[in-house]
Amino acid sequence: MRFELATTPGDPERPNEDWASVALPATGRGGALVLLDGVTPPAGDDGCLHSVPWFTARLGGALIELSTSRLDLPLAEILAEAIRRTADAHRHTCDLSHVRTPQATVVLARWGAEEIEHLVLSDSALLLESPDGTVRAVLDDRLGLVPREVLSSLTATDALRNAEGGFFTAAADPAVAERAVTGTDPRARVRALAALSDGVTRWVDMFGEGDWADCLGVLRKEGAQALIDRVRSLEADDARAPLVRRWKRHDDAAVVYAEL
């Protein structure tokens, strides 16, 4: 097995809100990966005393522990329990009903001898490569379906956050786990997988530098940090400025790559 992790903040003056980890159980069989992209809140009150990095560290830690210790639970139940644990850690000091309470996108994968389970919630991505080189992207596209002009309004975005007809993130309600995109593949049909935060998926979906198979090819040949560096170079290119004008010029970026 080969694993690579890399993450870089979008702004060196701000904390990185992405979180990533890989775990290999002591039995030596199977493993799990987790990638979270913390949602940067707009200026103003979000009802919480804690930062987004505090939240992603708590949630990520719970996910990686539960996904390797509770093999009897499907990933959606693991996400629900991790959200519950994290909420319990600050429900007595913070208003968890606030629409902007700390939250994150989630990619979670777990593999054993026979199968690989996956879960994706919101706009991070999971890539699965088959032995013949075919790459399938597991995506939750609900945020992408919201018109950009709607997302430019904080009020309109808040109305769609974790709401019917909108998009869903891991925040304080364990029930959101039922909204995640989940699935299972035979282990023999997956030779590699990669989790990417949306600060990295820009290479494909914003800049059009290649498709998902090309993206995984960069990871295999050049490594996780090299893919992030490619994105940073594109973001710094003035000719590309119109593509990122409505978004952050640089976003936190995280990659987990695993060859099984």
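Axes are lines fitted to C-alpha atoms, for helices over the stretch in contact, and angles run from 0 to 180 degrees between N-to-C directions. In this predicted model, local features need pLDDT of at least 70 and side-chain atom pairs count only at pLDDT 80 or more, whereas totals for chains, interfaces and linings use all residues. Residues are numbered from 1 along each chain as its sequence is written, and side-chain values use heavy atoms, with hydrogens and water left out. Helices (H or I, at least four residues) and strands (E, at least two) are DSSP runs, numbered from the N terminus.

**Helix pair H1 and H2**

- The axes of H1 and H2 come within 9 Å and cross at roughly 140 degrees.
- That angle makes H1 oblique to H2 (angles under 35 degrees count as roughly parallel, over 145 as roughly antiparallel, 65 to 115 as roughly perpendicular and the rest as oblique).
- Contact (heavy atoms within 4.5 Å) involves residues of H1 including Trp54, Phe55, Leu59 and Leu63, and residues of H2 including Ile78, Leu79, Ala82 and Ile83.

**Nonpolar cores**

- A nonpolar core is a set of buried Ala, Val, Leu, Ile, Met, Phe, Trp, Tyr and Cys residues joined through side-chain atoms within 4.5 Å; buried means under 20% relative accessible area, exposed over 50%, partly exposed in between (1.4 Å probe, protein chains only).
- The largest nonpolar core has 27 residues, and Leu59, Leu63, Leu79, Val106, Leu108 and Leu121 have the most contacts inside it.
- Two or more residues each come from strand S3 (31-38), helix H1 (52-69), helix H2 (75-88), strand S4 (104-111) and strand S5 (115-121).
- A second, separate core of 25 residues includes Met206, Cys215, Leu216 and Leu227.
- Beyond its neighbours within four places in sequence, Leu121 is in contact with residues including Leu79, Val106, Phe168 and Val176.

**Sheet and its helices**

- An open sheet of 5 strands has the order S1-S10-S9-S6-S7, with antiparallel pairing (two strands pair if DSSP finds at least two bridges between them).
- Strand S1 (2-8) and strand S7 (135-139) stand at the edges with a single partner strand each, so one side of each lacks a neighbour in the sheet.
- Neighbouring strands of this sheet are turned by 10 degrees against each other on average, direction ignored.
- Strands S9 (residues 192-196) and S10 (residues 253-259) pair in the antiparallel sense over 5 bridges, and Ala195 has Val256 in S10 as its bridge partner.
- Helix H5 (residues 198-205) lies across S6 (125-129), S9 and S10, at about 80 degrees to S10.
- Because 6 of its 8 residues are buried, H5 is largely enclosed by the rest of the structure.
- Helix H7 (residues 224-236) lies across S1, S9 and S10, at about 30 degrees to S1.
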